[in-house]
Every structure is written in structure tokens, then in C-alpha cells.
Amino acid sequence: MAPMADVTDWAFRQIIIECGRSTGLTVNKPDVFFTEFVSCDGLCSEKGRPKLMPHLKFGENERPIVAQFFGANPENFYKCAQLAVELGFDGIDINMGCPAGKIVKHDSGAGLIKNPELAKEIIRETKRGAGNLPVSVKTRIGYNKIITEEWISYLIEARPAAIILHGRTMKEMSKVSAHWDEIGKAAVLCRKAGIPIVGNGDVATYNEGLKKAEQYGLDGIMIGRAIFSNPWFFDPSVNPADKTPDERIALMLRHIELFAELWGENKNFDVMKKFFKVYIHGWEGAKELRMELMNARNKEDVAKIISKR
């Protein structure tokens, strides 16, 4: 499952695990979990670290779990890699793909595509701080234009443990279809270098992901937005259309409980509202209920609205 800001925190990852419990003792969950991305600069500041540490909370049932960091200061990546080791993570991922303007303007996220020497230095320093932990890179196929082979070749020189490639440029955001042919080109380069590669972009179903991995010679598939239409994505035996309104509402209430446990008063409840459509859709009256829930200010308000339905 892809690292997504204000989405893939401990609370939501626990929901994904619970959604994979439908087949008895076996839990169908992602092969690898990632945290949402966390600022290296923030973690290395006295004021920032306490506020950001909840982003790095994880449970033993999530292993293997990878901490994802973003920034542009190699020294801070070194320090955060050491922190990831102390916290017991199984790996570290460097965000070189976030297209948000406030991130790229500081040479972070996808902004590093324009600065390959800095990108390589960041990989080297992260590896130095990581000890035996593997260090991967999640990135895109270019900044303003597609430069897949040139960019991937730069990354290969720094020998990351794996490359996760989203099949769009920074400029394209998510406005065009993912260029899987470009991911395939990167796969050829990575195979030659002996570096695993994971593809990402527009995969709607579990089986489609398996087919794309085989078609393009990939070691894995990363799932992002598809999880919003189907939180049971990682259990292919589940047909989400079979889930009743009561089951969906119960899952939403569980998520809200976990969100409150993790964040308390430290995160605006409005962040939770982006998930309402994940759970509240697919039946008559769902839209109206969702609109009412958008007025909730906390979990107590949600409980009151649900009790009236």
C-alpha cells in the first residue's frame, strides 16, 4: 500500500489489516506497509519531533513496515535513518515523487528529480544512517517531461535497495493515465542492475496488479487511490459490493476510534472526513448520510448522526 499523506497513518493501516481477516486465521494484507511521509527537517527540530512522532507509530501486526521520509538535507536524512533503526522499522523509503507545490519548491519530493546529484547524496547518507536496513526510493518518471531512463540510471548509481516508480511526471500529477510502458523501460534497467522495482499508478484491482507485474517484469505493485473505493483490496476473495451498510458503518466507526486514539486533539477531525466516502456509499440514502456526516466536528457527533439513521 502506497504511503499517502493524511491517509496511511497507524489508524488506517489497522483498518486495512482488519479488512483482511475475512478468511479465517489468515490475514490478507499488503506484503509491505509504508508510513505516510514525514519531514526529515521537522523530525530533526526540537519543536517538530514531538508533533511528528505519531506519524511513525506502528504495530507489530504491520510488519514489514517502512518509514518514509522527505526533505532535501542529506544530514537530516542520516539522522532520521538512525531514528528509524531505533524505532524498529524494517526499512526506509525516500520520497522523491510528491508533486505538491509546497514540497517541490524546497527541492523535496519530486523536486529532487531536477537535482540528481543531491538525490544521490541523500540516498548515500540515508544508507549510512540505516545500517542494515534497506533503503528504497519512491519516485516518478520525470519532472516537467518524461526522462525515465536518464533519471532511473542516476538512481541506480546510488544503489538503493529498491525503486518504486509512479508512471507519471510531476507536472502530470494524476491528470493523465499512468505510463506503464515507461515503468517497463525502468524495469529493464533495474533488472540489469539487480535492483528490485515496484510499479505504481492506476491499478484498480488485485488481479490487474498481478497481470501488470508479469507484463512489465516487475517485482511488485504499489496500490494508492484504489484503496479509497475498496478497503478490502488486499483480500481478493472479498467482493466489496457484498458488504452491507451496517458492516461499512461499523468499519468507519472503528476507524474513527483508532484515529481519535492516535491523534486525540492534535489533528483536526476534518482530516477524517476524506474517508467517509470510503465507507458510506453503494446504498440508497448513503449520499444523504455522507452529507450529514460532513457536518460532524468529532467522533461524538458522528455517533449521534449514525444513531438517528
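The largest pocket holds about 980 Å³ of space. This is a predicted model, in which local features need pLDDT of at least 70 and side-chain atom pairs count only at pLDDT 80 or more, while totals for chains, interfaces and linings use all residues. Residues are numbered from 1 along each chain as its sequence is written, and side-chain values use heavy atoms, with hydrogens and water left out.

**The largest pocket**

- A pocket here is an open set of points on a 1 Å grid over the protein atoms alone, where a 1.4 Å probe fits, with protein on both sides within 12 Å along at least five of seven lines; lining residues have an atom within 4 Å of a point.
- Its volume is the space filled by probe spheres set on the points, which are joined across faces, edges and corners.
- The lining of the largest pocket has 39 residues, and P3, M4, A5, C98 and P99 lie nearest the centre.
- At least two lining residues come from each of strand 2, strand 3 (65-70), helix 5 (101-104), strand 5 (135-140) and helix 10; helices (H or I, at least four residues) and strands (E, at least two) are DSSP runs, numbered from the N terminus.

**Aromatic rings**

- Rings of Phe, Tyr and Trp (its six-membered ring) pair if their centres lie within 6.5 Å; planes under 30 degrees apart count as stacked, over 60 as edge-to-face and the rest as tilted.
- The count of aromatic pairs by this rule is eight.
- Y206 and F233 form a tilted pair, because their ring centres are 6.4 Å apart and their planes stand at 50°.
- Y206 belongs to helix 9 (residues 206-216) and F233 to the loop between helix 10 (226-229) and helix 11 (245-263), so the pair ties together parts 27 residues apart in sequence.
- Y206 is partly exposed, at 33% relative accessible area, whereas F233 is buried, at 4%; buried means under 20%, exposed over 50%, and partly exposed in between (1.4 Å probe, protein chains only).
- F259 and F269 make an edge-to-face pair, because their planes are at 85° with the centres 6.4 Å apart.
- This pair links F259 in helix 11 with F269, ten residues away in the loop between helix 11 and helix 12 (276-279), and both residues are buried.
- One aromatic cluster is formed by F12, F228 and F275.

**Charges over rings**

- A charge sits over a ring if NZ of Lys or CZ of Arg is within 6 Å of the ring centre and within 35 degrees of the ring normal.
- K57 lies over the face of W10, 3.8 Å from the ring centre, and the charged end of K212 sits over the ring of W180, 5.4 Å from its centre.

- T35, in the loop between strand 1 (33-34) and strand 2 (38-39), is buried at 0% relative accessibility.
- A polar atom of the T35 side chain lies 3.0 Å from the backbone nitrogen of Q68.
- E60, in the loop between helix 3 (48-52) and strand 3, is exposed, with 58% relative accessible area.
- The C-alpha atoms of E60 and K120 are 32 Å apart.

**Backbone features**

- The peptide bond from R63 to P64 is cis, with omega near -5°, and P64 is in the loop between helix 3 and strand 3.
- D6, in the segment before helix 1 (10-19), is a residue other than glycine with a positive phi, near 60°.
- M173 is not a glycine but has a positive phi of about 50°; M173 is in the loop between strand 6 (162-166) and helix 8 (180-193).

Key
A polar contact is a pair of N or O atoms within 3.5 Å; within protein, one must be able to donate a hydrogen and the other to accept it, and residues adjacent in sequence count only if both atoms are side-chain atoms.
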